[in-house]
Amino acid sequence: MEAIKSVESFNEIIASEQPVIIKFYADWCPDCKRMDMFIDGVIEEFNHYDWYEVNSDEVEGLAEKYEVMGIPSMLIFKNGEKIAHQHSAYTKSPESVSEFLHQQLD
């Protein structure tokens with residue numbers, strides 16, 4: 001998963017005509033660390049999509065702009081628009097993340 005370090009990079013990435021998956025996280029977040037333990041399997045299942053991550057403490061303004069109220073959150077973007085958002089309460093297991101992605105991308 002590639003890290004996005006600036007708003008400019010973020011805007012370029014989400015402009016893709018193909019859906020891109022972006023995880024919002026923070027270093028201090030225990031649920032984010034838990035997700036890191038299982039996310040590789042989910043990425044493998046959806047490896048035909050590009051995956052990115054944004055540290056919401058390092059790239060300021062994006063979490064607010066895209067209504068990321070809790071972390072980790074999974075967002076899907078296409079053509080510069082947010083097309084799906086899985087809030088933190090629903091990102092606790094690989095099954096819940098995988099199910100979300102299947103619903104939104106299949």
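**Close-up views of the predicted protein chain**

Buried residues account for 47% of the 106 residues in the protein chain. Keep in mind throughout that this is a predicted model.

**View 1. The whole chain, before zooming in.** Four helices and five strands make up the secondary structure of the protein chain. Going along the sequence, the order is β-α-β-α-β-α-β-β-α. The radius of gyration is 12 Å, close to the 13 Å that the globule rule gives for 106 residues, so the protein chain is as compact as a globular protein of that length. Laid along its principal axes, the C-alpha trace spans about 30 × 30 × 20 Å. If you take the contacts between residues at least 6 apart in sequence, 68% of them join residues at least 24 apart.

View 2. The protein chain has an accessible surface of about 5,800 Å², and carbon and sulfur atoms own 47% of that.

**View 3. F10 and Y66, a tilted ring pair.** There are four aromatic pairs in the chain. One of them joins F10 and Y66: the centres are 5.5 Å apart and the planes make 45°, which is a tilted arrangement. F10 belongs to helix α1 (residues 7-14), while Y66 sits in the loop between α3 and β4 (73-78), so the pair ties together parts that are 56 residues apart in sequence. Are these two residues buried or exposed? F10 is buried, with a relative accessible area of 0%, and Y66 is buried too, at 10%.

**View 4. F10 again, now with F77.** Here the ring centres of F10 and F77 are 5.4 Å apart with the planes at 85°, so this pair is edge-to-face. The cut-off behind that label is an angle over 60 degrees. This pair also links distant parts of the chain, with F10 in helix α1 and F77 in strand β4, 67 residues apart. F77 counts as buried, at 0% relative accessibility.

View 5. Which peptide bond is cis? The one from I71 to P72, with omega near 0°. P72 is in the loop between α3 and β4. E67 is found in that loop as well, and E67 has a positive phi of about 60° although it is not a glycine. With a relative accessible area of 48%, E67 is partly exposed.

**View 6. N79, another positive phi.** N79 isn't a glycine either, yet its phi is positive, near 55°. Look for N79 in the loop between β4 and β5 (81-86). With a relative accessible area of 45%, N79 is partly exposed.

**View 7. K65 out at the surface.** K65 is part of helix α3 (residues 62-65). Its relative accessible area is 56%, so K65 is exposed, the cut-off for that being over 50%. For a sense of scale, the C-alpha atoms of K65 and Y25 are separated by 15 Å, and the two residues are 40 apart along the chain.

Technical notes
Residues are numbered from 1 along each chain as its sequence is written. This is a predicted model: local features need pLDDT of at least 70, side-chain atom pairs count only at pLDDT 80 or more; totals for chains, interfaces and linings use all residues. Side-chain values use heavy atoms; hydrogens and water are left out. Helices (H or I, at least four residues) and strands (E, at least two) are DSSP runs, numbered from the N terminus. The radius of gyration is taken over C-alpha atoms; the globule rule is 2.2 Å times the number of residues to the power 0.38. Buried means under 20% relative accessible area, exposed over 50%, partly exposed in between (1.4 Å probe, protein chains only). Contact means heavy atoms within 4.5 Å. Accessible areas come from the Shrake-Rupley method with a 1.4 Å probe; for residues, only the protein chains shown count as cover. Rings of Phe, Tyr and Trp (its six-membered ring) pair if their centres lie within 6.5 Å; planes under 30 degrees apart count as stacked, over 60 as edge-to-face and the rest as tilted.
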